[in-house]
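Thanks for coming. Please have a look at the model on the screen before I start.

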2 protein chains.
Amino acid sequence: MGQKTSDRPRLTPKGARTRARIVEEAATLIHERGVAGATLEDVKVAAEVSGSQMYHYFPDKNELVQAVIDYQADNIVTRNTHALAGANGIEAWREMVITAARRTQARGGCQLGSLGGQLAESDPEARALIATGFDQWASAISDGLRPLHAEGKLPADIHPDDLATTLLATLQGGLLLAQVQRDIRPFETAVNTLLALALGR
Amino acid sequence: MGQKTSDRPRLTPKGARTRARIVEEAATLIHERGVAGATLEDVKVAAEVSGSQMYHYFPDKNELVQAVIDYQADNIVTRNTHALAGANGIEAWREMVITAARRTQARGGCQLGSLGGQLAESDPEARALIATGFDQWASAISDGLRPLHAEGKLPADIHPDDLATTLLATLQGGLLLAQVQRDIRPFETAVNTLLALALGR
């Protein structure tokens, strides 16, 4: 989302690549181990950078966590927008979210939502960034639903924004159930049942 | 749920009350501060017990966290079963969950689900207990939906177990959105939209 880009000195192309590599490795480690379980030292080793490079780009862990939130939210919004843009957008979206859950068996939960569960009560800045990410995600889903609503393929009396919020909530909760139960069936059931109800199948 | 009761020496009535007080205070502190943010010392002070009493009932924090999971799951299953048992069970359930979310403004998220988000990847025993709690919760909802399904008030082609899983997922994800956004509207929207779709209103 890059809200903070303007606050930062411009990076050289090489600097931008190094920073991006740190953020990507941090995102992977944090998703696997949780925020508390991924240390700056772990990230430094995974990204193959020196301590002074780490410190140059991320003077403290909070800044790195915030960059990871932006990174995850950007990725998710891009993927959702892309999936929903096609002719059979809802079906492509369903395929995308179920394939992603199957690939990881929902370990670590949602890349963005799991950060919310860990940080909401302890880190107000992170919480606000995750909230922005959820807003953008819901908007991306709603943008994909609006044409279907206009074509009469969704219930006329339910606003696409409300259905988008419901889809996002069901996806988040379904991933949490799947993560805790080590079984993605509750996730598939929840997404498929909601879509069946919304599409009248 | 008390799976471990049989492993434990029987408590005197006074001992049982002391233990219960420790678990209740721990549940409150853990919900407010997260598992990592609530120390045994905090719980000891809140429950007004001595260090040796704490150690007697809970030799380590993991055991206390497990007792808190059982306590929260028991409470939730009891409340859900009670709400759904009446003539207008779904409406009573909706009222219950929305009133509870309004009271806390979703701070701390769901009493059980927020523990899942914190512990699923780091504490396999806790994860398994939370999974059992979710199973019992979904069963309680399904028990409440089955008569409505038999009376034709729910879509015939959707199994009450699947609708119960979907309701639980939507509730969990809706609470996460509300917790992160510091606004319970996404939670209300998600629950109300799903119920409108399921009840055909």
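Predicted model: local features only at pLDDT ≥ 70, side-chain atom pairs only at ≥ 80, totals over all residues.

Residues are numbered from 1 along each chain as its sequence is written, chains are lettered from A in the order in which they are written, and side-chain values use heavy atoms, without hydrogens and water.

First, the two copies. Chain B is superposed on chain A by a rotation of 180° with 0.0 Å of shift along the axis, at an RMSD of 0.0 Å (least squares on the C-alpha atoms of residues with pLDDT of at least 70 in both). That is how a two-fold axis relates copies. Both copies use the same surface: 100% of the contact residues of chain B recur in chain A, where contact means heavy atoms within 4.5 Å.

Next, the helix pair. How do α8 of chain A and α9 of chain B pack? Helix α8(A), residues 160-181, meets helix α9(B), residues 185-199, at an angle of about 100°, and their axes are 8 Å apart. So the two are roughly perpendicular, a label for angles of 65 to 115 degrees. Among the residues making the contact are D162(A) and L163(A) of α8(A), and P186(B) and L197(B) of α9(B).

Last, M96(B), which sits in helix α5 of chain B, residues 89-104. Beyond its neighbours within four places in sequence, M96(B) contacts R79(B), N80(B) and A83(B). The C-alpha atoms of M96(B) and A83(B) are 7.3 Å apart, with the two residues 13 apart along the chain. Helices here are DSSP runs (H or I) of at least four residues, numbered from the N terminus.

Terms used: Axes fitted to C-alpha atoms, helices over the stretch in contact; angles between N-to-C directions. Parallel < 35°, antiparallel > 145°, perpendicular 65-115°, else oblique.
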